[in-house]
Amino acid sequence: MQYDVLQSRFQASNKYEYSEREIEFIEDHIRRFRLNGEREKTRQLAAFLKDTIDHQGYYTNMEYNHYIVELFVKQLHGKTREEILKICESLYIKAVMKFQAE
């Protein structure tokens with residue numbers, strides 16, 4: 001399973017070839033635990049993006065209490081402040097537009 005940051009949703013990973021049965025299992029898990037449900041959907045990533053933008057590409061040690069944010073921070077490791085700022089600005093614009101559309 002993976003989290004699609006641009007679509008703000010969990011889905012079957014595109015890194016692996018799954019059988020139809022495996023895809024059904026993953027999708028059933030996502031539905032059963034309402035991982036893409038409105039109440040469970042994370043807005044913590046958007047909060048992290050905004051905070052990082054507000055701090056000009058430096059992310060703070062604020063606790064966001066969400067696994068997706070932890071994974072995202074790991075992906076940023078080793079990038080320059082300018083790269084981080086550019087990534088966060090791009091994703092934040094998309095996240096805000098998506099949340100406003102919902």
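In which helix does L85 lie? The report below, based on a predicted model, begins with the chain as a whole and then returns to this residue.

## Overall architecture

The protein chain contains four helices and two strands. Read from the N terminus, its elements follow the order β-β-α-α-α-α. The chain has 102 residues, and 30% of them count as buried.

Contacts can also be sorted by separation along the sequence. Among contacts between residues at least 6 apart in sequence, 52% join residues at least 24 apart.

## Helix α1 and the residue after it

Helix α1 covers residues 20-32, and its length can be checked by a simple calculation.

R34 belongs to the loop between α1 and α2. With a relative accessibility of 56%, R34 counts as exposed, because the cut-off for that class is over 50%. Most residues other than glycine have a negative phi. R34 has a positive value and is a residue other than glycine.

## Helix α2 and the residue after it

Helix α2 runs over residues 44-54. Its buried residues are L45, A46, F48, L49, D51, T52 and I53. An α-helix has 3.6 residues a turn, so residues three or four places apart point the same way.

Just after α2 comes Q56, with a positive phi of about 55°. Q56 is not a glycine, and it is located in the loop between α2 and α3. Its relative accessibility is 45%, so Q56 counts as partly exposed.

## The nonpolar core

The largest nonpolar core has 17 residues, of which L45, F48, L49, F72 and C88 touch the most other members. Helices α1, α2, α3 and α4 each supply at least two residues of this core.

Leaving out residues up to four places away in sequence, C88 touches L49, T52, I53 and F72.

Helix α4 spans residues 81-101, and L85 lies in it. The relative accessibility of L85 is 14%, so this residue counts as buried, the cut-off being under 20%. When neighbours within four places in sequence are set aside, L85 is in contact with T52, I53, Q56 and G57. Its C-alpha atom is 10.0 Å from that of K50, although L85 and K50 are 35 residues apart along the chain.

A95 is also found in helix α4. At 15% relative accessibility, A95 counts as buried because its value is under 20%. A95 and L49 are 46 residues apart in sequence, while their C-alpha atoms are 9.2 Å apart in space.

## The largest pocket

How much space lies in the largest pocket? The volume is about 430 Å³. The pocket is lined by 16 residues, and those closest to its centre are Q2, Y3, K15, L71 and Q75.

Strand β1 (2-4) and helix α3 (67-76) each supply at least two residues of the lining. The largest share, seven residues, comes from α3. By class, the lining of the largest pocket has ten nonpolar, three polar and three charged residues.

## The second largest pocket

The second largest pocket has a volume of about 170 Å³. Its lining is formed by F48, Y59, T60, N61, M62, E63, Y64, N65, H66, V69, E70 and V73.

Which helix gives the largest share of the lining of the second largest pocket? That helix is α3, which contributes three residues. The lining of the second largest pocket divides into six nonpolar, four polar and two charged residues.

Definitions and conventions:
Residues numbered from 1 in each chain as written. Predicted model: local features only at pLDDT ≥ 70, side-chain atom pairs only at ≥ 80, totals over all residues. Heavy atoms only, no water. 1 Å grid on protein atoms, 1.4 Å probe; cavity = no way out; pocket = protein on both sides within 12 Å on 5 of 7 lines; lining within 4 Å. Points joined across faces, edges and corners; volume = space filled by probe spheres on them. Nonpolar A, V, L, I, M, F, W, Y, C, P; charged D, E, K, R; others polar. Core = buried A, V, L, I, M, F, W, Y, C linked by side-chain atoms within 4.5 Å. Buried < 20%, exposed > 50% of the residue type's maximum accessible area, 1.4 Å probe, protein only. Contact = heavy atoms within 4.5 Å.
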